[in-house]
Amino acid sequence: MAYDAPLDEMAFTLEAVAGLKRLEGLAGLESYDPDLVGPILEEAAKLARDVLAPLNQTGDSQGATLTEDGVKAAPGFAEAYAAFRDGGWMGLTAPEEWGGQGLPKALSLAVMEMFHGANMAFGLCPLLSFGAIEALLAHGTDELKAAYLPNLVSGTWTGTMNLTEPQAGSDVGALKTKAVPQEDGSYAISGQKIYITWGDHDVAENIVHLVLARLPDAPAGSRGVSLFLVPKFLLKDDGTPGTRNGVQCIGLEKKMGIHASPTCVMEYENATGWLIGQENKGLACMFTMMNAARLNVGLQGVAVGEAAYQTAFAYAQERKQGMIKGVDGPVPILHHADVRRTLTTMRARVAAARAICYACAVAADLAESAPDAETRQAAKLREDLLTPIAKAWSSDMGVEVASMGVQVHGGMGFMNETLAAQLYRDARIAPIYEGTNGIQAIDLVGRKLSGTNGESMRVMLGEVEASAAAARATNDPQLVQIADRLKAGADALRTASDWILEQMKSRDQDKALAGATAYLELAGDVIGGHFLTKAAVAARSSDGAARARRLALAGFFAETALAAAPGKVASITEGGSRFLENSEALFGIA
């Protein structure tokens, strides 16, 4: 596999589109220096290109294995993780007091895009550790922080998230894992968890499991769930791993993709754990971890989409088939207009999703570190609004773009030995991870839109319209045309938002929920178009090639995705209604 991170695009999106420089000098981010961005991205790109990418296809073919001694990672992954750990990549965003570097989440997100793009199965391991660190920082006791954070931040230990059980799925309130209080203040954890990413492995010396469980007297449903820290190895007095805890992997899931990422069935049998946060308030603690994971899962869509584009573009330059006027013999398929259109679609959608994810990360940084409460509150509203869009729109995009990559390869794309096939299989999990994309759509309309009475979307739409005005003010004919499409898209999203709010305020909210997925798709199209337009305007001061490239992407997206936006309103307002009216006939239910 050949993967070269698009460093210029990533840096430009961080700085000119997402607004990374707004973070300079903020509390908690004192170590951030804009001059560091380039060198950090360049070093991460080397690790992605030279270490992780060469293991991607071998990891897919050989996978992780379950032995009597536990799970053994795919060949080469332990050495790759050592390079990742020794490079200090795990601690980029962690506070300096715990051994981290105190850098912005947005910068770390760009770094992780490269690691996921080069090897998504590998990238899943630190993804879960990032979430465990955030949960401990927000909700852990001083004792737990001191015992576990330094080694998690350094990457010496890894973290996991244990939610799902066979009978519960996404319904966390239905879980049955038990936590029994012990005299020493610990808890005995017993139960089974499934789909646990990197739940066991041999690449790090200890694994810190964050486990949702239910106390004996806990209320029913999600209100009776608590969160516990359960290490694979209990710690000795000196803080190093000691005796084995009562937790083990009893099976590896057989998956369609990400074969080198061990997805484990975990068995807890009177395992010793410690409470994180308050009793029966575990879901609130876990949401700290899940929100971080949702943005990173959306980023996986960006990363795999970028890898799929690079792979398809390389193939299109090599594969010769068909004739064109003025050229003797078969030509590279890149010469065919439909292939170029497909590649442009791939590239434009990846660029839009990248901007959405990076902007969400900058908002998250501002929500924590901005000096005044008003800015922090506004940034938090923006982060909350963009998170389900970043997760769902970007991960759906990743699957769509990977599928297009298969199409560019033709019959070869359907062969398992091609990278195009692997990327398509790997990408498919992302729309399911961390709450399916249908759940993200429900979250968008039920909490993020309705919870603010539409204010967060109104502010977002104001910025979209400002981008359209800025494009129009250039008097550049292409940017004026883009502005027209963006303004029409904003009008469509405003109409759909008002309708969703009206339905959510009524007693019958099913109409809004039936249109929620279509609404999220429209929101992603319009907001993605806004960021591409912003990039095209900002690039007017760039060199000719960069300016032309960003104008081409924004223009193509405007004439495809944004041009279709007004027509999508009816699928939201009427599609759901017609579906509900006919659901009995379709499915035999009232």
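Here are some friendly notes on the pockets, packing and ring contacts of this predicted model.

1. **Ground rules.** The model is predicted, so to speak of local features a pLDDT of at least 70 is needed, side-chain atom pairs count only at pLDDT 80 or more, and totals for chains, interfaces and linings use all residues. Residues are numbered from 1 along each chain as its sequence is written, and side-chain values use heavy atoms, with hydrogens and water left out.

2. **How space and elements are defined.** Rolling a probe the size of a water molecule over the atoms shows where empty space is left. On a 1 Å grid over the protein atoms alone, a cavity is a set of points where a 1.4 Å probe fits but cannot get out, while a pocket is an open set with protein on both sides within 12 Å along at least five of seven lines; a lining residue has an atom within 4 Å of a point. Grid points are joined across faces, edges and corners, and a volume is the space filled by probe spheres set on the points. Helices (H or I, at least four residues) and strands (E, at least two) are DSSP runs, numbered from the N terminus.

3. **The second largest pocket.** This pocket holds about 770 Å³ of space. Its lining has 35 residues, and T93, K105, E134, D365 and E368 lie nearest the centre. Two or more lining residues come from each of α5 (105–118), α6 (120–139), α8 (282–318), α9 (337–369) and α10 (373–409). The largest share, 7 residues, belongs to α9. Sorted by class, the lining has 18 nonpolar, 9 polar and 8 charged residues; here Ala, Val, Leu, Ile, Met, Phe, Trp, Tyr, Cys and Pro count as nonpolar, Asp, Glu, Lys and Arg as charged, and the others, Gly among them, as polar.

4. **The cavity.** How many cavities of 30 Å³ or more are there? The count comes to 1, and the largest cavity has a volume of about 40 Å³. Its lining includes L55, N56, G59 and D60, together with F77, N119 and H259. The elements giving two or more residues to this lining are α3 (56–62) and α11 (419–427), with α3 giving the most, 3 residues. By class, the cavity lining has 5 nonpolar, 5 polar and 2 charged residues.

5. Rings of Phe, Tyr and Trp (its six-membered ring) pair if their centres lie within 6.5 Å; planes under 30 degrees apart count as stacked, over 60 as edge-to-face and the rest as tilted. The count comes to 9 aromatic pairs. One of them is F77 with F122, a tilted pair at 6.2 Å centre to centre and 55 degrees between the planes. This pair links distant parts of the chain, with F77 in helix α4 (residues 77–86) and F122 in helix α6, 45 residues apart. F77 and F122 are both buried, where buried means under 20% relative accessible area, exposed over 50% and partly exposed in between (1.4 Å probe, protein chains only). Y81 and F84 form another tilted pair, 5.6 Å centre to centre with 40 degrees between the planes. Both lie in helix α4, 3 residues apart, about one turn of the helix, and both are buried. Ring pairs link F77, Y81, F84, W89, F115 and F122 into a cluster.

6. **Helix α1.** In α1 (residues 7–17), the buried residues are E9, M10, A11, F12, T13, L14 and V17. These pack against α2 (37–52), α5, α9, α16 (516–538) and α17 (544–562). G19 follows α1 and has a positive phi, near 85 degrees.

7. **L553 in α17.** Is L553 buried or exposed? This residue of helix α17 is buried, with a relative accessible area of 9%. L553 touches T344, R347, A348, A351 and L532, not counting residues up to four places away in sequence; contact means heavy atoms within 4.5 Å. The C-alpha atoms of L553 and A348 are separated by 5.3 Å, although the two are 205 residues apart along the chain.

8. Strands β8 (residues 233–235) and β9 (residues 241–244) run antiparallel and are joined by 2 bridges; two strands pair if DSSP finds at least two bridges between them. L235 stands opposite P241 in β9. The hairpin has 5 residues between its strands, and G239 in the turn has a positive phi of about 85 degrees. Elsewhere, P166 sits in the loop between β3 (157–162) and β4 (178–181), and touches Q192 and I194, leaving aside residues up to four places away in sequence.
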